[in-house]
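Subject: The structure for you to look at

Hi,

Here is the structure I promised to pass on to you. Have a look at it first, and then read on for what turned up in it.

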Amino acid sequence: MREKMQSPIAVTGIGVVSPLGSGYRNFADSVLHNRSGIKEISVFDTTPYPIKIAGEIDGFEPERYLPKKGLRSMDRSTRFICAAALMALQDAQIAVQENNKHRIGVITGTTFGSLKSISDFDIESLSSESPLWVNPMDFPKTTINAPSSNVSILTGIMGYNTTISGGFTSSLEAISHSIDLLLRKRLDIVLACSVEDLSLQNYLYHCALQKIADDGLKTSIPFAGKSEGYLFGEGSVVFVLERLEDVENENRRSYATITGLGQGFNIGANSSPYNFPQKTLICDVLKQTLESAGMTSGDIKMVSSCANGWSQYDTAEAQALAEVFKTDPAITAIKSLTGETASAGGGFSLLQAIVSFREQVIPPISGLDNPLVPLNYVINEKKMMGVNNALVTSSDPGGSYMGLIILK
Amino acid sequence: MSNGSKVVITGCGVLTTIGANLEEFWYNLCNGNNGYGPLSLLDTTKYVTKIGGEMKNYNPREYIPEYAKKVDCLGKTSLYALSAAYLALKDARLDAVEITGLNAGSAIGTTDGEAEPIEKMNLALAESDRKPNPQVVSIISPHRIAQSIAREFGLGGPVCTITSACTAGNHAIIFAYEKIKSGQAELMLAGGADTFSRKTFTGFNRLGATAPELCMPFEQDRKGMVVSEGAGIVVMESLEHALERKATIYAEVVGYGVSCDAYHMTIPSEEGFAMAMQNALDDAGLNASDIDLIAAHGTGTQANDMTESKVINRIYGTKTAVTANKSVLGHTMGAASALNVITIVLAMRKGIMPKISNVRAIDPSCKINVLTENKQNRIKYGQANGFAFGGNNGVVILKNVKT
């Protein structure tokens, strides 16, 4: 999107289920008080594995948000996303009705839906005397689009429903697709959702991507450059997106407006499982993002970075930020508090930027003391300052890199 | 609506159980040569259904240059997608080198993603091995499918794997259409891919939705669907880009429709299907009577075929011809709707509407124009349907640009 984005998109509602608490207020309070959501994993036995901690959601009471009927058949991902979606609709004061249900869509970023549901069903068929002894009710949960589809079934949203599996860039890919459909007026409202859940299977996948020493991983601090891996996290963030002109015409509230988006893919052959976005690509995407917002690097006040502590993942981004931004925007990152929430990662970074807008504070990068590339990081203490714009970044170790600019 | 560039299809690639080149695919489709039979991929002793579609003798080396360097980092679904992408580029007379560095990307739909390595992980866990091979586990993610294509050809634009189950191929084509229309890309490799999934075979078997011998869409004695595999990829370009490189243009994507049933995970709804089809006609600015041929979702199950035919009858009446390639392909899951798009493109190229095989007596309650014989006919507008679990629907309308 080298050209300027056609017109701005407003964020009019937020729903969140996270290791830092559920609902905007709880989430924001944890961020403001620098409370970490990293804790001992309880959803499966970690004895055989090197990493014992993660950004796990505890104390989540689905009954508080979801109707009792059907709750038992919902897996962890589905509960998270459905709760966040209902919160977001309520927050935006949107009622799904006969006259608008065809103009609202659900676009979800999630890499596996629920890998546990997929795996458990298969394991049950392998472990039983007959493969057909599986519970047929468990089969629909094994499609990757099950969490997203359940949002529609629960809310009655009929305009569109699709799922994007984009690894760590899933959230921003979903937002990008949402923007395309809103700008072309195919839809009037989109629930741009993202979800990631913690399970043995998903944890095994994330461990397989890293090189973790047997003595494990105790922290993963963005930009610290110390770690060969990252801590995993789970959660769901849902944003209600609408065209700004519609929101202004109706005199409704918006938390932020998206004015720029950039995306690119790292050129790297199919000869290794990794294809980390390199500095050149990241610089190119950042410039593209600025151009699409009609801004220059000197305009940006704050960066909510995707850095997660994995040194080879963070280094390229730090170098690119140093090259593109001469005037030192304040740089922060949320993943020391939540863990790498992967499919939901971009959603959490965007939410962190919105928290900064609303609370007039830039939260610090928790735990960072000796960064690997010198930049204007927010360290130790939150910065009590109001900012009116932010850049949000998202990067996938398989090659995708995305940037998003929001204005207050 | 903004008046972005027109989007055209300039190449198709198929990797299917009825052929891994367009001529073979078309021949077997028109001659009713079924691409499924007794399964060798898994032991079916304890299953009710014994048949499925599998790519026999698939050798990635035949399609993918320097395959040996890639073995460790690509799952089988990525290999299928990549093979079909090479075939599509060849059909579009594009050299892999030519598209490197273009503002180009990939959008691939899949239902089960990398089913094979996930099954290996599950097998280890089922056998109480708590540390499945990390090399296997590291390639289970579906997002690597679209990425593998971008990496192979050096595409720097939008890259996206869509996982809206059995309509994912159409959703990927729709995603690509929007990226080209809005100027974010000038060329996209888009379509769908899936490998045979034990989990999906088991699930449909358990639901009693699988056919014992034949897939017979819209036939009165139809007994269900056949789980299969394959890939279908198209080259999509902005009209300007296609004209500039003097490409042969096969079809224009003139509109699409999407909807969600918002009803049930597995039971289809007439309202959702109808909305997607009407939505597509409105987007294309066409009347239902303009559509000459519909490549139906046509799974051969009672529920789908009943719902789909009712809606087609209501909107299109009995004139528009209806074909269903699942009769010979089986259900290729994420590839299915992309293979419907390719079927429409080929029908336009050949001037033939391909029949639905295995139909002896049309279900009298399916009041639509079921093609039981191949029919020579110029096709001006064709439509590819895609419906899925979760009620995720996507319909694409194509225009024949040959005059």
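Start with one pair of side chains: Arg186(A) and Asp283(B) form a salt bridge, and their closest N and O atoms are 2.7 Å apart. Please keep in mind that this is a predicted model, so every number in this email is computed from that model.

**Where the two chains meet**

How many salt bridges does the rule find across the interface of chain A and chain B? There are 6. Residue pairs in polar contact between chain A and chain B, both at pLDDT 80 or more, come to 39. On the side of chain A that touches chain B, the elements that each supply at least two residues are α4 (115–127), α5 (146–155), β6 (160–165), α6 (170–183), α7 (200–209) and β9 (256–265). Of these, α4(A) gives the most, with 9 residues. Sorted by class, this side of chain A has 33 nonpolar, 34 polar and 9 charged residues.

In total, 76 residues from chain A and 82 residues from chain B take part in the contact. The size of an interface is often given as the accessible area lost when the parts come together. For chain A and chain B, the area buried between them is about 6,800 Å², with 60% of it on carbon and sulfur atoms.

The strands join in here too. β6(A) pairs with strand β5 (residues 159–162) of chain B in the antiparallel sense, over 2 bridges.

**Inside chain A**

Now for chain A by itself. The domain assignment divides it into domain 1 (9–249) and domain 2 (258–407), and the C-alpha centres of these two domains of chain A lie 21 Å apart. Across the boundary, 61 residues of domain 1 of chain A are in contact with 61 residues of domain 2 of chain A. Together the two domains of chain A bury about 4,800 Å², and carbon and sulfur atoms give 66% of that. Which three residues supply more than any others of the area that domain 1 of chain A buries against domain 2 of chain A? They are Phe168(A), Leu172(A) and Phe223(A), with 20%.

Between domain 1 and domain 2 of chain A the count is 2 salt bridges. Glu359(A) forms a salt bridge with Arg25(A), with the closest N and O atoms 3.2 Å apart. The rule also finds 20 residue pairs in polar contact across this interface of chain A, both residues being at pLDDT 80 or more. The elements giving two or more residues to the side of domain 1 of chain A that touches domain 2 of chain A are β1 (9–18), α1 (24–32), α6, β7 (189–196), α7 and β8 (235–243) of chain A. The largest share, 7 residues, comes from α6(A). By class, this side of domain 1 of chain A has 30 nonpolar, 24 polar and 7 charged residues.

Asp29(A) and Arg25(A) are separated by about one helical turn, because they are 4 residues apart in helix α1 of chain A.

**Inside chain B**

Chain B is assigned domain 1 (7–244) and domain 2 (254–400), and 20 Å separate the centres of these domains of chain B, taken over C-alpha atoms. Here 64 residues of domain 1 of chain B are in contact with 67 residues of domain 2 of chain B. The area buried between the two domains of chain B is about 4,800 Å², of which carbon and sulfur atoms give 65%. Trp26(B), Phe218(B) and Arg222(B) supply 19% of the area that domain 1 of chain B buries against domain 2 of chain B, more than any other three residues.

Arg222(B) turns up again in a salt bridge with Asp305(B), where the closest N and O atoms are 3.6 Å apart. Across the interface of domain 1 and domain 2 of chain B, the rule finds 4 salt bridges and 31 residue pairs in polar contact (both at pLDDT 80 or more).

**The whole structure**

Finally, a search of the whole structure finds 34 salt bridges over all chains.

Happy exploring!

Conventions. Residues numbered from 1 in each chain as written. Chains lettered and ligands numbered in written order. Predicted model: local features only at pLDDT ≥ 70, side-chain atom pairs only at ≥ 80, totals over all residues. Heavy atoms only, no water. Contact = heavy atoms within 4.5 Å. Buried area = accessible area lost by both parts, 1.4 Å probe. Polar contact = N/O pair within 3.5 Å; in protein donor to acceptor, adjacent residues only side chain to side chain. Nonpolar A, V, L, I, M, F, W, Y, C, P; charged D, E, K, R; others polar. Pairing = 2+ DSSP bridges. Domains from an automatic or database assignment.
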